[in-house]
Amino acid sequence: MDLTRLRYIGDRPVGPDHPVYVTAEIGINHNGDLGDALAMIDVAVAAGCDAVKFQKRTPEICVPADQQQVERDTPWGRMTYLAYRHRVEFGQDEYEAIDRYCRQRGIAWFASPWDVPSVDFLELMDPPAHKIASASLTDDELLARVRETGRTVILSTGMSTPDEIRHAIDVLGRERLVLCHTTSSYPAPPEELNLRMLHTLMHNYPDVPIGYSGHEIGLQTTVAAVALGATFVERHITLDRANWGSDQAASVEPSGLQRLVRDIRVVESALGDGVKRVYDSELPVRAKLRRTVDTASVDTTPGDTVAAR
């Protein structure tokens, strides 16, 4: 067992030789509706996920000043972008309800804070981890604050250069880090997933568990990431991909999530430990079908054809 690449999210180990940690990213696909958020928690529990994840923002900080008063059409009417961000953002009451419900359903939850006040807010909820979204990878102030919490941190690496990734890891530290390969397009085309980056990250950071955060359509490429060694998997989920919102199209619906978790568990079981052995189930087949040569009765005279007598 490689203890140098072992981390914990709550009491669950994350790393090689342990079951893949599967996180259902609810994000903001709830569109500000607590009922939908709780329904997606139920979907994640039914599928066998280990955790659900949300996103937490302070709109006045995260929305650029030149975009705050730009109006846009939404399902709730025409409103400014700042008003929209407030409309879909959960506050203390909603997160307390989420915390109670997750404890009741027996599933972990955490979130991606997008600014320092959001880290402080989430800390009041005592989460088992924090997630750094790819968009926040270069925000040193945010990374430093997350490191101060002393919690496990999951870092996504989409739209980032190798130098940017190295710098973020230097700021965060490695001792509580889980590093995720990511492609930050929604949805991401298969030819841009570059799953072999998992092995590149494993080579470059041999003391850090490597995971995968997927934004593609379909399930097979995420299962392939597990076959390549991902120890943490995250996919966006939704109740209906036709719902309004920028992340819905790259999200997995309930039936798909069930198939994804099922297939991940089958693949990780099939990977084994790499030690060749003869299984008990093979013994009857071996006895029936294996053809052996009795070397004691073989004529090996030079010049003659070897033949069994």
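A salt bridge here is a side-chain nitrogen of Lys or Arg within 4 Å of a carboxyl oxygen of Asp or Glu. The close-ups below come from a predicted model, which holds 21 salt bridges.

**Figure 1. D42 and R105 pair up between two helices.** The side chains of D42 and R105 meet in a salt bridge, with N and O 2.5 Å apart. D42 sits in helix α1, while R105 belongs to helix α4 (residues 92-105), so this pair links parts of the chain that are 63 residues apart in sequence. D42 counts as partly exposed because its relative accessibility is 27%. R105 has 31% relative accessibility, so R105 is partly exposed too.

Figure 2. R12 is part of strand β2 (residues 12-14) and D50 is in the loop between α1 (34-47) and β4 (51-56), so the bridge ties together parts 38 residues apart in sequence.

**Figure 3. R262 meets D263 in a salt bridge.** In this view, the side chains of R262 and D263 come together with an N to O distance of 2.9 Å. R262 is partly exposed because its relative accessibility is 48%. For D263 the value is 24%, so D263 also counts as partly exposed.

**Figure 4. R12, D50, R265 and E268 belong to one network.** Salt bridges with shared partners join these four residues.

Terms used: Residues are numbered from 1 along each chain as its sequence is written. This is a predicted model: local features need pLDDT of at least 70, side-chain atom pairs count only at pLDDT 80 or more; totals for chains, interfaces and linings use all residues. Side-chain values use heavy atoms; hydrogens and water are left out. Helices (H or I, at least four residues) and strands (E, at least two) are DSSP runs, numbered from the N terminus. Buried means under 20% relative accessible area, exposed over 50%, partly exposed in between (1.4 Å probe, protein chains only).
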